[in-house]
Amino acid sequence: MSDLFTPYKIGPLELRNRTIRSAAFEGMCENNSPSQSLFDYHTAVARGGIGMTTIAYAAVCRSGLSFERQLWMREEIVPELKKLTDAIHAEGAKASIQLGHCGNMSHKRICGCTPYGASRGFNLYSPTFVHKMTLKEIDEVVEAYGNAVRLAIKAGFDAVEIHAGHGYLISQFLSPYTNHRHDEYGGSLDNRMRFMRRCMKAVTEAGKGKVAIFVKMNTRDGFRGGMEIGESIEVAKELQKCGADALVLSGGFVSRAPMYVMRGQFPKKAIAHYMPMKTQWWLKLGVLLGGKIVSPTVPFKRLYFLEDSLKFREALPDMPLVYVGGVTTRKDADKVIDSGFQMLQMGRAVLEDTDFVNKMKADENCCSGCEHTNFCIGRMYTLEMACHKKCKDITPALERDVQKIIRQNDRTERKLGYK
């Protein structure tokens, strides 16, 4: 029998089963603080049988904010976070929080400063110019990672997930696509890992033995000129040396290859619809006219990161690994665990149905009702993440677009032999 529904211990953490709600941004934190909707959603996921649910994403400092409805780790929100972790624990699940810094993927009106990254450049998605981080700014962000972990512990979290993938700041230092520095933080892979090592040192000094330390990283960036599997495996080995308790294997670059992360169609109509016309009409127009050019479709298929992740499994035989990407059925979940991964993460499946894990446990033929339209992702850029089935403000035009995508996805699934 599969180990999917057996307990698993990692560091100071023991999970009731091997399932984790992935760190998918919820858009439920108005004023960068916990909300009732965040509380209701994560307690529902915990009640639905998940081993651990991950609150996402929390900026380690204000300059790390990429969206207006995003958590910012600071002392004043700790009491509300503690209420959330207590409620999750009362349902029998554990609580994790993803900590990160978005680097160049922000705007001054959100993060309070000119966004910065490993190198200077231009962020097409804001859009805004970006400046190269100074050594002082690097020191400040490293310190912020340690402080954020200490706040997470104070708030009752059982684990932290450090975001080192998807083109966020640590990933921007790792990737040759975004790191063009000529100092000790650029050039060779060893130099490009220097910022990551410093952040991990701050994280482990603050949290080792107190919380389980997960790190989300890329198996590859997903485009020519980015990191490929060879270098990513070296990064994974370095993270193991740095004290990570487990690695979450993902992929893609939000600012360059966003649909490589999530798969499926870019939800341009949903994104444009929910953008405020008065302040972002120009960006709304840009999304409608050029969205699919900038973010081309990457067809969804089940377990879409498994082939790459298995190479990491072979290269790091003693490292606990978490699989994420396209787990939609109980059979998918069993396959992942049987393939040697200690845990698995799910995002859209437990957004569509917070009781999905309980249903998988009860029925070995259980299949998620998620239709992979990515409407939820389109909505989350402006409002809270929500499945189109449960969204009361969906318009007839958006509903028609969703149904069109469902028909296209159905044809793809038939070609792949899922139906």
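**Exercise 1. A salt bridge and its network**

Find the salt bridge between Asp393 and Arg379 in this predicted model, and work out where each partner sits.

*Solution.* Start with the side chains: Asp393 and Arg379 meet in a salt bridge, at 2.8 Å from N to O. Asp393 belongs to the loop between H16 and helix H17 (396-416), while Arg379 is in helix H16, so the pair links distant parts of the chain, 14 residues apart. Now look at accessibility. Buried means under 20% relative accessible area, so Arg379, at 5%, counts as buried. Asp393, at 35%, is partly exposed. Finally, widen the view: a network of salt bridges links Asp393 and Arg379 with Glu30, Arg69 and Glu384.

**Exercise 2. Two further pairs**

Which parts of the chain are tied together by Arg198 and Asp139, and which by Arg47 and Glu91?

*Solution.* Take Arg198 first. Its salt bridge with Asp139 has its closest N and O atoms 2.8 Å apart. Arg198 lies in helix H7 (residues 194-207) and Asp139 in helix H4 (residues 135-154), so the pair ties together parts 59 residues apart in sequence. Both are partly exposed, Arg198 at 28% and Asp139 at 38%.

Then turn to Arg47 and Glu91, whose side chains meet in a salt bridge at 3.3 Å, N to O. Arg47 is in helix H1 (residues 36-47) and Glu91 in the loop between helix H2 (78-90) and strand E6 (94-100), so this pair ties together parts that are 44 residues apart in sequence. Arg47 has a relative accessible area of 48% and Glu91 one of 29%.

**Exercise 3. A buried loop residue**

What does the side chain of Asn374 meet at 3.0 Å?

*Solution.* Locate Asn374 in the loop between helix H15 (356-362) and helix H16 (375-380). A polar atom of its side chain lies 3.0 Å from the backbone oxygen of Arg263. At 2% relative accessibility, Asn374 counts as buried.

How values were computed:
Residues are numbered from 1 along each chain as its sequence is written. This is a predicted model: local features need pLDDT of at least 70, side-chain atom pairs count only at pLDDT 80 or more; totals for chains, interfaces and linings use all residues. Side-chain values use heavy atoms; hydrogens and water are left out. Helices (H or I, at least four residues) and strands (E, at least two) are DSSP runs, numbered from the N terminus. Buried means under 20% relative accessible area, exposed over 50%, partly exposed in between (1.4 Å probe, protein chains only). A polar contact is a pair of N or O atoms within 3.5 Å; within protein, one must be able to donate a hydrogen and the other to accept it, and residues adjacent in sequence count only if both atoms are side-chain atoms. A salt bridge is a side-chain nitrogen of Lys or Arg within 4 Å of a carboxyl oxygen of Asp or Glu.
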